[in-house]
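Here's a quick look at one helix and a couple of residues worth checking on screen.

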Amino acid sequence: MPRISLTPPRTLLMRIGTWYSRRTYGKVLNPGQAYGHNSRVLFSYVRLEQQAAKWNALDAGLKHLAVMAAAARINCSWCMDFGYWEGRQKGLPAEKIKLVPQWREAREAFTELELLVMEYAEAMTETEPAVTDELAAELIARLGEAAFVELTAMVALENWRSRVNSAFGLTSQGFAEACEIAPV
């Protein structure tokens, strides 16, 4: 049960956001409705997401695994649900996305670089970040500095998303179920 009403004031920004959300995702996203109680926060958050969507120094698959690993570490069910759907939209294998929460037990499903990226995302997500000099140096050597900066920023952004959604009490909206192939 959400801790905040999902019926914000019907401002122009909310009406536009509702229209866009339905058109793009097939439903109105609960985080947008929660943010809608403060138009300035909503507007700033949407602008940040729009800008982050344009970042392209880091491979999209690696970026998504980092986001999912951070969401899993925080245990944000809304982010995991939406992240599964988003990964499928990006063409990532469903089996791999499903294994992200248990990546340490399913190492064989991931490349060495993917494992490093998820380790970094988790280390960054700890309440007291646990990123080591060695882990950062290895990722910079493999990805380059621009992609490393983007990776770091994406994990931080996912921490914002997951922690806000968890604090709001938001849970799954059924995105993952929409990806499953219907039984024949």
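## What's buried in α4

In α4, the buried residues are Gly-61, Leu-62, Lys-63, His-64, Leu-65, Ala-66, Val-67, Met-68, Ala-69, Ala-70, Ala-71 and Ile-74. Buried here means under 20% relative accessible area, with exposed over 50% and partly exposed in between (1.4 Å probe, protein chains only). That's twelve of the helix's 15 residues, so α4 is mostly covered. The cover includes α5 (77–89), α6 (94–99), α7 (112–125), α8 and α9 (145–168).

This is a predicted model: local features need pLDDT of at least 70, side-chain atom pairs count only at pLDDT 80 or more, and totals for chains, interfaces and linings use all residues. Residues are numbered from 1 along each chain as its sequence is written, and side-chain values use heavy atoms, leaving out hydrogens and water.

## Helix ends

Helices are DSSP runs (H or I, at least four residues), numbered from the N terminus. At the start of α4, a side-chain oxygen of Asp-59 comes within 3.0 Å of the backbone nitrogen of Gly-61. Just after the helix, Asn-75 has a positive phi of about 70°.

## His-64

His-64 sits in α4 (residues 60–74) and is buried, at a relative accessible area of 3%. Skipping neighbours within four places in sequence, His-64 is in contact (heavy atoms within 4.5 Å) with Gly-83, Glu-86, Gly-87, Lys-90 and Leu-92.

## Over on α8

Ala-137 belongs to α8 (residues 133–143). Ala-137 counts as partly exposed because its relative accessibility is 44%. C-alpha to C-alpha, Ala-137 and Lys-63 are 18 Å apart in space, and they are 74 residues apart in sequence.

Notes:
Helices (H or I, at least four residues) and strands (E, at least two) are DSSP runs, numbered from the N terminus. A polar contact is a pair of N or O atoms within 3.5 Å; within protein, one must be able to donate a hydrogen and the other to accept it, and residues adjacent in sequence count only if both atoms are side-chain atoms.
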